[in-house]
Amino acid sequence: MEISADKVVLIHYTLKDDAGGVIDSSAGGDPLAYIQGHGNLVSGLEKALEGKQDGSSVAVSVVPEEGYGKYDPALIQRVPKRSLQGSGELKKGMQFQARTPDGMRLFTVTGVMGDMVTLDGNHPLADKTLHFDVQVVAVREATAEELEHGHVHGAGGHHH
Ligand code: ZN
């Protein structure tokens, strides 16, 4: 079956940086399950997989604009510690999700000085070209419930 909008797709993938270092991989674990056309993957990878069949291998390099974005200095901000209640002791390198006007965003603590904390809202892979090697394991129709939830149920997906 061909990958197109609303299909459930199972992939094994390896993600490398420009130097060939492995950033992330599904090797040795379960394949990643996602629904095509729902923004579950970075847009450049979703685009490269559109129209591929189960069993295909896809190698694609995704530019930052279609990956995790360009590095944006405006996403660095200093906030008082007390505005981050409930996050416990704040240490450099800590990451947490926070709601922003643009949706959920991952923040990394890049500095703690007195009562102030510096947060970087750039994705850790911002500005990076992403080199994906993908094996399409399976393609199937999504169930109505999966489409409603926007994620995959069962093998490789969410369980409720
Ligand atoms: Zn669900």
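On a 1 Å grid over the protein atoms alone, a pocket is an open set of points where a 1.4 Å probe fits, with protein on both sides within 12 Å along at least five of seven lines, and its lining residues have an atom within 4 Å of a point. A volume is the space filled by probe spheres set on the points, which are joined across faces, edges and corners. The model is predicted, so local features need pLDDT of at least 70 and side-chain atom pairs count only at pLDDT 80 or more, while totals for chains, interfaces and linings use all residues. Residues are numbered from 1 along each chain as its sequence is written, and side-chain values use heavy atoms, with hydrogens and water left out.

Select L32, N40, L41, V42 and Y68, which among 15 lining residues are the closest to the centre of the largest pocket, a space of about 430 Å³. Next, colour β1 (7-16), β2 (22-25) and α1 (43-49), the elements that give two or more residues to this lining; helices (H or I, at least four residues) and strands (E, at least two) are DSSP runs, numbered from the N terminus. The largest share, 3 residues, comes from β1. By class, the lining holds 11 nonpolar residues, 3 polar and 1 charged, where Ala, Val, Leu, Ile, Met, Phe, Trp, Tyr, Cys and Pro count as nonpolar, Asp, Glu, Lys and Arg as charged, and the others, Gly among them, as polar.

Then move to M104, R105, L106, G121 and H123, which lie nearest the centre of the second largest pocket, itself lined by 15 residues and with a volume of about 260 Å³. Show β6 (95-100) and β7 (103-113), each supplying at least two lining residues, with the largest share, 4 residues, from β7. This lining has 5 nonpolar, 7 polar and 3 charged residues.
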